[in-house]
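Dear colleague,

Please find below the structure that I am handing over to you, followed by a summary of what was found in it.

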Amino acid sequence: MKTFNQTAAQGEIHIKKINSIPHGALPVKAENGLYIIGHSETGHCHVMTMERAQVFEAAVSPAGMRVLYAILDEPKELVHQRPHDTHETIVHAPGMYEFRLGREYDHYADLARKQAD
Amino acid sequence: MKKIIKLTTEQESSIPEFRQKWIALGESTARSDPSEMIDAVNDLYDSIGQKRVPVFVMDSPLGCIVAANLFKAGIGANIRDNIRDNIGDNIGDNIEENIWDNIGDNIQENNQEKIGVNIRDNIGDNIRESIWANISGAIVNNICDNIGDNIHDNIRESIWANISGAIVNNIWDNIGDNIHDNIHDNIQVNIQENIWNNIRNNIEENIQVNIWDNIDDNIQGSIWDNIGDNIRGNIVTDIQDNLVTNIGTNLWANVSDGIRDNIVKNIAGDIEENIKENIKENIQHDIRELSLAYENATLWGNHDIGWIAYASFFETIGHRYPAALEIKLKAQRRYHETCGWLYCFDGMAFVSQRPSVVKLDDNARLHCETGTAIKYADGYGFCAWHGTRIPDGWVDGKKSLDVKTAITWANIEQRRAAIEILGWAKILKELDAKVIDADSDPLIGTLVEVKLPNLRNPARFLRVKCGTGREFAIGVPREIKTAIQGQAWMNGLSLSEFTCPEVRT
């Protein structure tokens, strides 16, 4: 379990501590008590429990990616739900955070898209 | 009984051997005697005071799901309807024409001649024999004479006792071969379109509609209709959760925290991590992908054996559970030691054999470099590369995996696996790669430019390690000049906005 001060990365998720939630960000609903910060098509999501936390999504994100924000009223763990090759849990102190979900470039489609795993 | 607060040296040293024994059970590929499996499931029901239900033994969890789907779709009703409609003289013709010709013809019409022939050849005879041997004698005579209340019992006794095993085992034993030979790579499409849709559309509609209304009142409520909801919730609560809670409470009272933690860590946790999480989740995901009505398994048998091992360990050091709890645990242990996944429905249950092949790497992840990593006797299985599910052709002769496929595969985990399978050296050589920029930090990576087939311009990739130490290739635009600029772009940032993470996991 790791901690950080300003920036961290868990797999394809780039995490940064911020001072405010950008205007226009839209609330994200929790699913089964969890905020899914990073979706995985194979079910190996990056998640955070919903208690005393609010998560938002940027109204406009760079092409092919999502940007999420969180307000955490208590320490929260970002957990990678994979039994093997697991990205170690990162503990977030109370505060506000930005999560940038990595993208990549598809040379055949000639466009940016999310990194799917 | 005095609370156990310390393990003896001997008890402590017995943990590794005990754990290994249970891991072996969890990874077991031994085929169980179906009658023992049925007895084990019956024991489960007995142990919680539930009425026993007919239990079908299938070769795989997929077989259980498909069988449950078929029963829900009314294949049982179709057989029954035929029987009812042809109580007079034509039972044989109708069964043959309506059921077996439909299966055969429709599958053949869909250019699955091989499947159709196999099903007809392999299933038809067996089922015909079973139907003739059992329906004609046991049911027809009884139905003719006793079409009232006895019909239920007759159908139940005759079909369940004599036909169910034959039909289901024959269907699935033989479809298993077809799946293996004909559908292995395309199981979803073929099952859905060629078997599922044909059975559903042709048998159900052709036969059920004609006859069902006539005998609805007589037979509704029979066992065929009683495959109701998946009763996993009830069963899990009854069978497992209460038991786990009771065992937990009992152990808490009788065994010290330190010892319990030690056993959890060294036995239950280890087994769960190696077997339950790795194998179970892969199978579960795989089946969920199919276009069948997905049913969550009620219990996962040998793939969920960690907690049984945990509970059982304390018995080996002299702990005794209360009699009622012991009975339940014994039933659970018998089931977990004997069976694979179990699906309990209202009125019947399907239980799977264990896999026939399980191949793991040194870290107990599903892995095989030459073929399927897990396989069941009916042909269901899949390939995996160090725990990552991959298309079968990638390691089965590697015919379908070329450099272009590997480097451009959409799923980056699978792409990583593909690149590992082929090896970076081969990929870089075949794509005439050149290094554009190599950062000293492997977590920032190396920017390479390659020539991809059918692309006019060269393409750039960032060859980079993640926090787990695994190496990925991430496509970046051609304008990217340095590895760190690539990192910034991947995160939607300009170079000046990007800060290297303090921590990477």
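In this predicted model, chain A contains an open sheet of 5 strands in the order S1-S10-S9-S6-S5, with mixed pairing; strands are DSSP runs of E of at least two residues, helices are runs of H or I of at least four residues, and both are numbered from the N terminus. Two strands are taken to pair if DSSP finds at least two bridges between them. The edge strands, each pairing on one side only, are S1 (2-3) and S5 (34-38) of chain A. S1(A) runs parallel to S10 (residues 90-92) of chain A, with 2 bridges between them, and A:Thr3 has A:Val91 as its bridge partner in S10(A).

Another open sheet draws on both chains: its 7 strands follow the order S4(A)-S7(A)-S8(A)-S11(A)-S3(A)-S2(A)-S12(B), again with mixed pairing. Its edges are S4 (26-27) of chain A and S12 of chain B, each of which pairs on one side only. Within this sheet, S3 (residues 13-18) and S11 (residues 95-101) of chain A are antiparallel and share 6 bridges; A:Ile15 is partnered by A:Phe99 in S11(A). Across the chain boundary, S2 (residues 7-10) of chain A and S12(B) run parallel and are joined by 2 bridges, with B:Arg504 in S12(B) as the bridge partner of A:Ala9.

Turning to the interface, 45 residues of chain B and 36 residues of chain A take part in the contact, where contact means heavy atoms within 4.5 Å. The two chains bury about 3,200 Å² between them, 52% of it on carbon and sulfur atoms; this is the accessible area (1.4 Å probe) lost on putting the two parts together, summed over both.

There are 3 salt bridges between chain B and chain A, each defined as a side-chain nitrogen of Lys or Arg within 4 Å of a carboxyl oxygen of Asp or Glu. B:Arg415 forms a salt bridge with A:Glu104, with 2.5 Å between the closest N and O atoms. The elements giving two or more residues to the side of chain B that touches chain A include helix H11 (257-288), helix H15 (412-422) and helix H17 (483-490) of chain B. H11(B) provides the largest share of that side, 5 residues. By class, the side of chain B that touches chain A comprises 20 nonpolar, 13 polar and 12 charged residues; Ala, Val, Leu, Ile, Met, Phe, Trp, Tyr, Cys and Pro count as nonpolar, Asp, Glu, Lys and Arg as charged, and the others, Gly among them, as polar.

As to confidence, chain A has a mean pLDDT (the predictor's confidence in each residue, from 0 to 100) of 92, and 100% of its residues score at least 70. For chain B the mean pLDDT is 69, and 62% of the residues reach 70 or more. The pLDDT is below 50 over residues 86-226 of chain B, a stretch that has 249 contacts in the model beyond near neighbours in sequence. The predictor assigns the complex an ipTM of 0.95 and a pTM of 0.58.

Residues are numbered from 1 along each chain as its sequence is written, and chains are lettered from A and ligands numbered from 1 in the order in which they are written. Local features need pLDDT of at least 70, side-chain atom pairs count only at pLDDT 80 or more, and totals for chains, interfaces and linings use all residues, while side-chain values use heavy atoms, with hydrogens and water left out.

Yours sincerely
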